[in-house]
Each structure stands twice: as structure tokens, then as C-alpha cells.
Amino acid sequence: MRQRNLRVVLVCLIAAMILLIMGILLLTAARRREERRRQELLSYVGEEQNYGPEEWQKEGAPYIDVELLDPNEYSRPQITLSEVKYIAIHYTANPGATAMNNRDYFNNLANTHEAKVSSHFVVGLEGEVVQCIPTAEISYATNERNVDTVSIECCHPDETGAFLDATYDSVVKLTAWLCTRFSLTEEQVIRHYDVTGKECPKYYVDHPDAWEQMKADIAAQIQEDYVLQENLR
Ligand SMILES: [Zn+2]
């Protein structure tokens, strides 16, 4: 009888030990995963030490004002974007609005629930660049390409949808720098139109030659950025 009791106690003890070890292992793995994800996100939003907007500029980026949206299911669902294959250019279809106006509109969708829409970056009328979403997360801009695309919304002064020079220069620089970062070529720079046939960015759908020119300018800037980055090493 005593021997049987002893055996039961022993089995319980071993089971408890196994459970404890499994628990510790699972917890450690989860914590490691969480830490890795945090580091990854920080490196994209520029909070990582020694790598932020100033360093991005040295690599050829325009100055980027990081104004991340509050996480919410209408504009920043925090779904992982694991591989960037395309950069998509858009126009806001909202003549005269600034980059921050657009960013605040996205952020406010958390309250209004009006639509599910957002963009990683917005380039303003004066060439200012606002980042709304880390490039490690998806945005709601490019329909079925949201899963592998970084999106850039561009402000414009009127209904033609043509970009002002300052906006054009910034979007070329931003796109080229993103291409160097994700090892893309200008052939992976697309219009919203190329995905869904939507008239976006309007001027560059209406004027295919202007679109070809923009891609050529991006290609030239990519080469310049690689030289800059080589010299930084
Ligand atoms: Zn669009």
C-alpha cells in the first residue's frame, strides 16, 4: 500500500516537473518572439538608436516625419507585412489637403469607422513626408496588393492630379530610397491603376509618358542612393 502511494506521488511529481519545464520553455519562446518583433518595428519607425530620419537622409531619403497612427482596425490593423515586393504610388483625390490633414483623416477613422483606408507615407504639397505606418505592417491602400506593397499617397493642388515640383521630388527620393532598402528596381514601382484599374494617381494614368518619366527619375535616384550608401560604409 505504502509503495503504491509512493509510486503515485512520484508520477505526480514527474508530471508536474514536465509541465513546469514546458511552461518555462513556451514562455521563453514567446518572450523572445515578442522582443524580436519589437526590435523589428523599432528599426522601421526610427526609434532604434543610431538609425532614424537623420540616418535615412544620409542614405538618400527625404526628411521623414514619423507620425504613426494609433493602432486600430480601420487604418492601422498591425498585420505583419513580411515581404515588400512593390511600392505603389497614389494621389489623395483631395485637392489642397496637406500631408498631415491626410494622416489625421486616417487616424480619425478609429473613431468615425467611415472606411478602412490608410497609407504608409503621405507626401505633401511642400514636399514634406509623413510616415503613418511602419513598413513592417500593412496599410489599407492598394487592395489585393496590400499584403506585399508599401504605399505612398501624394497630395496635389487641383483636379488634374499633377504633383507640384516639391511633391514630385520628394516622392521620387522616397521611392528610390525604399527601393534600395527592400532591394527593388523601378519595375517594382507601380500605380494603384496597375492593380485595380482605378484612375490613381490620376495625372500619371492620364499621361503614361509622365509616368514613364517618373520611373526613369526613380531609377536614376536609386543609382545615386547606392553610391551614397556605399560611401557611408
Ligand atoms: Zn490609390
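Helices here are DSSP runs of H or I at least four residues long, strands are runs of E at least two long, and both are numbered from the N terminus. Keep in mind that everything below comes from a predicted model.

**View 1. The end of helix α4.** Just past α4, S183 takes a positive phi of about 55°. The helix itself covers residues 165–181. Its 17 residues reach 24 Å from the first C-alpha to the last, close to the 24 Å expected at 1.5 Å a residue.

**View 2**

**View 3. The six-stranded open sheet.** Reading across, the strands go β1-β4-β3-β5-β2-β6, with mixed pairing. At the edges stand β1 (64–66) and β6 (189–191); each has a single partner strand, so one side of each is left without a neighbour in the sheet. On average, neighbouring strands are turned by 25° against each other, ignoring direction.

**View 4. Strand β1 meeting β4.** β1 and β4 (residues 129–131) run parallel, joined by three bridges. Pick out I64 and you'll find its bridge partner in β4, V129.

**View 5. The largest nonpolar core.** There are 41 residues in this core, and those with the most contacts inside it are I87, F121, V123, I152, C154, V171 and L174. Two or more residues each come from β2, α3 (99–112), β3, β4, β5, α4 and α7 (208–232). The largest share belongs to α4, which puts in seven residues.

**View 6. Around F121.** Set aside the neighbours within four places in sequence, and F121 is in contact with V129, V130, Q131, C132, I152 and L174. F121 is also among the core residues with the most contacts inside the core, as are I152 and L174.

**View 7. Helix α3 and its bend.** With 14 residues, α3 reaches 19 Å from its first C-alpha to its last, close to the 20 Å expected at 1.5 Å a residue. There's a bend of about 25° at F106. F106 is also one of the buried residues of α3, along with A99, N102, R103 and L109. The cover over those buried residues includes β3, β4 and β5. After α3 comes H113, whose phi is positive, near 55°.

Definitions and conventions
Residues are numbered from 1 along each chain as its sequence is written. This is a predicted model: local features need pLDDT of at least 70, side-chain atom pairs count only at pLDDT 80 or more; totals for chains, interfaces and linings use all residues. Two strands pair if DSSP finds at least two bridges between them. Axes are lines fitted to C-alpha atoms, for helices over the stretch in contact, and angles run from 0 to 180 degrees between N-to-C directions. Two residues are in contact if their C-beta atoms, placed from the backbone, lie within 7 Å. A nonpolar core is a set of buried Ala, Val, Leu, Ile, Met, Phe, Trp, Tyr and Cys residues joined through C-beta atoms within 7 Å. A residue is buried if 20 or more other C-beta atoms lie within 10 Å of its own, exposed if 12 or fewer, and partly exposed in between; C-beta atoms are placed from the backbone. The expected span of a helix is 1.5 Å times one less than its number of residues. The bend at a residue is the angle between axes fitted to the seven residues ending there and the seven starting there.
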